[in-house]
Amino acid sequence: MKTKLLTAAALVVLPFLLSACGSAPKATADEAAATTPGVLVEDAWVRATTGAKDTTMTAAFMSLTNPGDTDVKLTSATSPVAGVVQLHEMAMQDGKMLMREKPGGITVPAASHAHLSPGGDHTMLMALEQTLRPGDEVPLTLKFSDGSTHDLKVPVKAFTEEQEHYHTK
């Protein structure tokens with residue numbers, strides 16, 4: 001009786017075990033694209049406004065990594081603490097370094113990085129609704145040219161190396 005029961009169980013289970021040994025179907029191009037990670041965001045922080053000359057604006061900084069094989073652009077950003085959020089660059093104009101909106105967004109090269117940092121490309125938060133103190137968190141949504149978005153809670157940190165040209169108007 002035991003032998004018949006084991007044989008019957010083996011006959012039921014055997015087809016399932018054999019099907020699991022077959023080769024897995026290959027992913028379609030769309031499925032492969034869906035599993036390729038988009039831009040990775042690391043080390044994001046926002047400059048505190050306490051102690052700044054102009055407390056109505058600040059900036060967010062971060063590292064963006066693109067593991068893909070095509071360039072992706074950071075095209076826009078939003079935050080409920082700011083009336084206006086823009087992507088900015090620092091550029092020389094007429095012998096002076098000034099901050100201005102970066103046309104077309106910030107490119108994150110394929111298989112590489114883009115660093116948003118003081119004195120370089122950054123996300124500008126203007127018309128702030130509140131004072132930002134070290135330890136606070138700022139909600140920030142980043143939008144990319146590949147259609148992806150990142151919803152972040154970005155820590156506010158003190159920035160003691162105030163640069164006069166940083167907040168030029």
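Two bridges join strand β1 (residues 40–47) to strand β10 (residues 149–157), and these two strands run parallel; strands here are DSSP runs of E with at least two residues, as helices are runs of H or I with at least four, numbered from the N terminus, and two strands pair if DSSP finds at least two bridges between them. The bridge partner of R47 in β10 is K157. This is a predicted model, in which local features need pLDDT of at least 70 and side-chain atom pairs count only at pLDDT 80 or more, while totals for chains, interfaces and linings use all residues. Residues are numbered from 1 along each chain as its sequence is written, and side-chain values use heavy atoms, with hydrogens and water left out.

Strand β1 also pairs with strand β2 (residues 57–66), here in an antiparallel arrangement with five bridges, and within this pairing E42 has S63 as its bridge partner in β2. The two strands are connected through their side chains as well. A search of the whole structure finds one aromatic pair, formed by W45 and F61, with 4.7 Å from centre to centre and 45° between the planes, which makes the pair tilted; rings of Phe, Tyr and Trp (for Trp, the six-membered ring) pair if their centres lie within 6.5 Å, and planes under 30 degrees apart count as stacked, over 60 as edge-to-face and the rest as tilted. Because W45 lies in β1 and F61 in β2, the pair ties together parts that are 16 residues apart in sequence. W45 counts as buried at 16% relative accessibility, and F61 counts as buried at 1%, where buried means under 20% relative accessible area, exposed over 50% and partly exposed in between, with a 1.4 Å probe and protein chains only. D43, which is also found in β1, is by contrast exposed, with a relative accessible area of 63%, and its phi is near 55°, a positive value in a residue other than glycine.

Strand β4 (residues 82–93) takes part in two further antiparallel pairings, with six bridges to strand β8 (residues 122–128) and six bridges to strand β5 (residues 96–101). With β5 it forms a hairpin that has two residues between the strands, and D94 in the turn has a positive phi of about 55°. Most residues other than glycine have a negative phi. A111, in the loop between β6 and β7, likewise has a positive phi, of about 50°, although it is not a glycine, and A111 is exposed at 65% relative accessible area.

Which charged side chains meet across the hairpin? E89 and R100 do so in a salt bridge, at 2.9 Å from N to O, a salt bridge being a side-chain nitrogen of Lys or Arg within 4 Å of a carboxyl oxygen of Asp or Glu. This pair links E89 in β4 to R100 in β5, eleven residues apart, and E89 also stands opposite R100 in the strand pairing. E89 counts as buried at 13% relative accessibility, whereas R100 is partly exposed at 34%. The structure holds two salt bridges, and D121 forms one with K102, the closest N and O atoms being 2.9 Å apart. Here D121 lies in the loop between β7 (112–116) and β8, and K102 in the loop between β5 and β6 (106–108), 19 residues apart.

H88, in strand β4, is buried with a relative accessible area of 5% and stands opposite H122 in β8. Leaving aside neighbours within four places in sequence, H88 is in contact (heavy atoms within 4.5 Å) with residues including R100, K102, D121 and H122.

Finally, the largest nonpolar core has 28 residues, of which M62, L64, L74, L125 and L142 touch the most other members; such a core is a set of buried Ala, Val, Leu, Ile, Met, Phe, Trp, Tyr and Cys residues joined through side-chain atoms within 4.5 Å. Strand β9 (residues 137–144) gives the most to this core, with four residues. A second, separate core of nine residues includes M57, A59, M124 and M126.
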